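The following note goes through the model point by point. Please read it alongside the sequence and coordinates.

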Amino acid sequence: MTATAQHPTSAAVPTSFPKDKIKILLLESIHPRGVEILRAEGFHVETHAKALEGDALLKAISDAHVLGIRSKSAITRDVLAAAPRLLTIGCFCIGTNQVDTGDACARGIPVFNSPFSNTRSVAELTIAEVISLHRGLVDKSVGLHKGDWDKSATGAHEIRGRTIGIIGYGHIGSQVSVLAEAMGMRVLFYDISPKLAYGNARQVRTLAELLAECDVLTVHVPASSHTDNLIGRAQIARMRKGSFLINNARGSVVALDALADALRSGHLAGAALDVFPVEPAGKGETFASPVQGLKNVILTPHIGGSTEEAQESIAVDVVGKLTRFVNNGSTTGAVNVPEVDLPEQFHSDGDVERRTHRLLHFHKNIPGVLGQINAITAELGVNVNAQYLRTNEQIGYVVLDVDPSDAPSLDDRLRKVPETIRVRALW
């Protein structure tokens, strides 16, 4: 069933499937702004405050067309197998390791995330921790809450003139660099790739050089086999006596037993951790860590990006990517399928607007598939207005814009191509 063409910026943009029949399942308290946008688009939106697990997740996802999650939901191969209608997944966070992106790719399900929207929030938290550690603010506050008045300046320092070492000079690391220099700090950084330094920041050649020169070390790298225990016992031993360590990146990056020993011995004067190797699934579950109860240690429950501004920005970003895929097939920003940036489907014929049929074809990346598609269009005499193709190692993604009268028979023939994963008629 095809609706009458309307302007694409309208909330009533039509699709081949009625929008109010497209179920969008949002878990883990996605920001209300994202829910508002999706409902304004006309989609049927179901929300849950927490992550779902087991049978509850399988039941909820069984008829969902779009899934939105944060970091606590585990979308495994089995979960994906239980969601035959699923078109796309949005991770309303930086990472996507909670999703089996490889299996999603094999099923023609693009996965989107928002890797940069919380950059400022994490950078600001880091700078706040730099100041707090140098002044011992947490211990002072705890003492005063207990009734202990300790006005001593011993061990308290300004951050002006001190050296911050940044591991990972990406979006967050570079923002920390700018803020730290504005506060009067000397900035050094280490990255595995050459990076353009902001302001007076300087890139050092080795991690060992960075560890030896900084008064406070902050880590901003992704989780990978290369960053597991990146800061272990040997690296901590190379840090300056009395320096500080901050990890707002991933819990696997810092060896906590080694950190705890360094704090107890006085080799390090303090630390701030927002991420941990094992984190509770939600509020109410017990948290345990080797660094609990140690002096001048700031522990926060993975809230680096948890500001209203960041969560709204993430919601708007991810919802935009999801709706663009559902509405016109664009996969720009997907982490697991070929990225195709598609125009709207309107063409101007004087005062008349007409819309081509758009067919989305995910297929196994095997030589000859495009040839089969072209042979089918030629055999049917289909007038192809535009064709788009991108591939990765696993799959290919072909988008065809054809004259409206040609779509139904072409749709059926494309489904019969042996390498086909899925076909969606957008119009």
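1. Asn 229 sits in the loop that runs between β9 (216-219) and α9 (233-238), helices (H or I, at least four residues) and strands (E, at least two) being DSSP runs numbered from the N terminus. The phi angle of Asn 229 is near 50°, a positive value in a residue other than glycine. With a relative accessible area of 47%, Asn 229 is partly exposed; buried means under 20% relative accessible area, exposed over 50%, and partly exposed in between (1.4 Å probe, protein chains only).

2. Basis of the note. Residues are numbered from 1 along each chain as its sequence is written, and side-chain values use heavy atoms, with hydrogens and water left out. The model is predicted: local features need pLDDT of at least 70 and side-chain atom pairs count only at pLDDT 80 or more, whereas totals for chains, interfaces and linings use all residues.

3. Confidence. The average pLDDT of the chain is 92, and 93% of the residues score at least 70; pLDDT is the predictor's confidence in each residue, from 0 to 100. Over residues 1-13 pLDDT stays under 50, and for this segment the model has 27 contacts beyond four places in sequence, a contact meaning heavy atoms within 4.5 Å. Where pLDDT is low, the predicted coordinates should not be read in detail.

4. Overall architecture. The chain holds 13 helices and 18 strands, and its C-alpha trace spans about 85 × 45 × 45 Å along the principal axes. Of the 427 residues in the chain, 49% are buried. Among contacts with a separation of 6 or more, 63% are accounted for by residues 24 or more positions apart.

5. Surface and charge. The accessible surface of the chain is about 20100 Å², and carbon and sulfur atoms supply 53% of it; the areas come from the Shrake-Rupley method with a 1.4 Å probe, and for residues only the protein chains shown count as cover. The chain carries 43 positive and 46 negative charges, whose mean positions are 5 Å apart. Here Lys and Arg count as positive and Asp and Glu as negative, while His and the chain ends are not counted. Each charge is placed at NZ of Lys, CZ of Arg, CG of Asp or CD of Glu.

6. Ser 29 has phi near 55°, a positive value in a residue other than glycine. Ser 29 belongs to the loop between β1 (23-26) and α1, and is partly exposed at a relative accessible area of 42%.

7. Because Arg 33 and Glu 36 are 3 residues apart in helix α1 (residues 32-40), about one helical turn separates them. Arg 33 is partly exposed at 30% relative accessibility, as is Glu 36 at 47%. Another pairs Lys 321 with Asp 317, the closest N and O atoms being 3.4 Å apart. Because these two residues are 4 residues apart in helix α11 (residues 308-328), they too are separated by about one helical turn. Lys 321 counts as buried at 17% relative accessibility, whereas Asp 317 counts as partly exposed at 25%.

8. Further salt bridges. Asp 412 is bridged to Lys 416, with 3.4 Å between the closest N and O atoms. Asp 412 is partly exposed, with a relative accessible area of 38%, and Lys 416 is exposed, at 60%.

9. Ala 315 lies in helix α11 and is buried, with a relative accessible area of 0%. Its C-alpha atom is separated by 44 Å from that of Asp 150, 165 residues apart along the chain.

10. Ala 208 in comparison. Ala 208 is part of helix α8 (residues 207-213) and counts as partly exposed at 38% relative accessibility.

Conventions: A salt bridge is a side-chain nitrogen of Lys or Arg within 4 Å of a carboxyl oxygen of Asp or Glu.
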